[in-house]
Amino acid sequence: MNMDFNLFMNDVVRQARQEIVSAGYQELKTVDEVDEALNKKGTTLVMVNSVCGCAGGIARPAAAHSLHYDKRPDHLVTVFAGQDKEATEKARNYFTGFPPSSPSFALLKDGKLCRMIERHEIEGHEPMEVVQKLQTSFEEYCEEV
């Protein structure tokens, strides 16, 4: 069997990107896009996306389903670890006190980190457990829509 690994990975990455964009998240691919998005007034949920199984099986579904709630962030954005490296590194600079983690979620309010959900809180957990963590954060920091 002769499979082109890069071709395979490009398809995996494309699918991972499409899933989160379809859920309503805006992709941030440059440092400038990150700075602009994360300095907006209001609440911003950042999903650090990746190609790992826990991103596809837990984090991205949780990112989509968590939005079915009375309180939600004003802005939904995503960076892709291992793909848009500079944008991801810039976003992680906003997550003060937390090591790089993907997948992960960061909830910011007026550019300041309020809540971080790291990989160890995602991997090995059920998607609904992660949804609950996100919605608990929304309850505390977000406004009703």
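**Close-up views of a predicted model**

About 30 Å³ of space lies in the largest cavity. This is a predicted model, where local features need pLDDT of at least 70 and side-chain atom pairs count only at pLDDT 80 or more, while totals for chains, interfaces and linings use all residues. Residues are numbered from 1 along each chain as its sequence is written, and side-chain values use heavy atoms, leaving out hydrogens and water.

**View 1. The largest cavity and its lining.** A cavity is a set of points on a 1 Å grid over the protein atoms alone where a 1.4 Å probe fits but cannot get out, and lining residues have an atom within 4 Å of a point. The count comes to one cavity of 30 Å³ or more. Look for its lining: Arg92, Phe95, Phe98, Pro99, Pro100, Ser101, Ser104 and Met116. They divide into five nonpolar, two polar and one charged.

**View 2. The buried side of helix H4 (residues 85-93).** Ala87, Thr88 and Ala91 are buried (under 20% relative accessible area, with a 1.4 Å probe and protein chains only). These residues sit on the same side of H4 because they cover an arc of only 100° around the axis. Their cover includes helix H2 (31-38), strand E2 (43-49) and strand E4 (75-80).

**View 3. The other side of H4.** Here you can find Lys85, Glu86, Glu89 and Asn93, which are exposed (over 50% relative accessible area). For glutamate 89, the relative accessible area is 53%. Follow the chain to glutamate 121, 32 residues apart from glutamate 89: their C-alpha atoms are separated by 21 Å.

Notes:
Helices (H or I, at least four residues) and strands (E, at least two) are DSSP runs, numbered from the N terminus. The arc is that of the directions from the helix axis to the C-beta atoms. Contact means heavy atoms within 4.5 Å. On a 1 Å grid over the protein atoms alone, a cavity is a set of points where a 1.4 Å probe fits but cannot get out, and a pocket is an open set with protein on both sides within 12 Å along at least five of seven lines; lining residues have an atom within 4 Å of a point. Grid points are joined across faces, edges and corners, and a volume is the space filled by probe spheres set on the points. Ala, Val, Leu, Ile, Met, Phe, Trp, Tyr, Cys and Pro count as nonpolar, Asp, Glu, Lys and Arg as charged, and the others, Gly among them, as polar.
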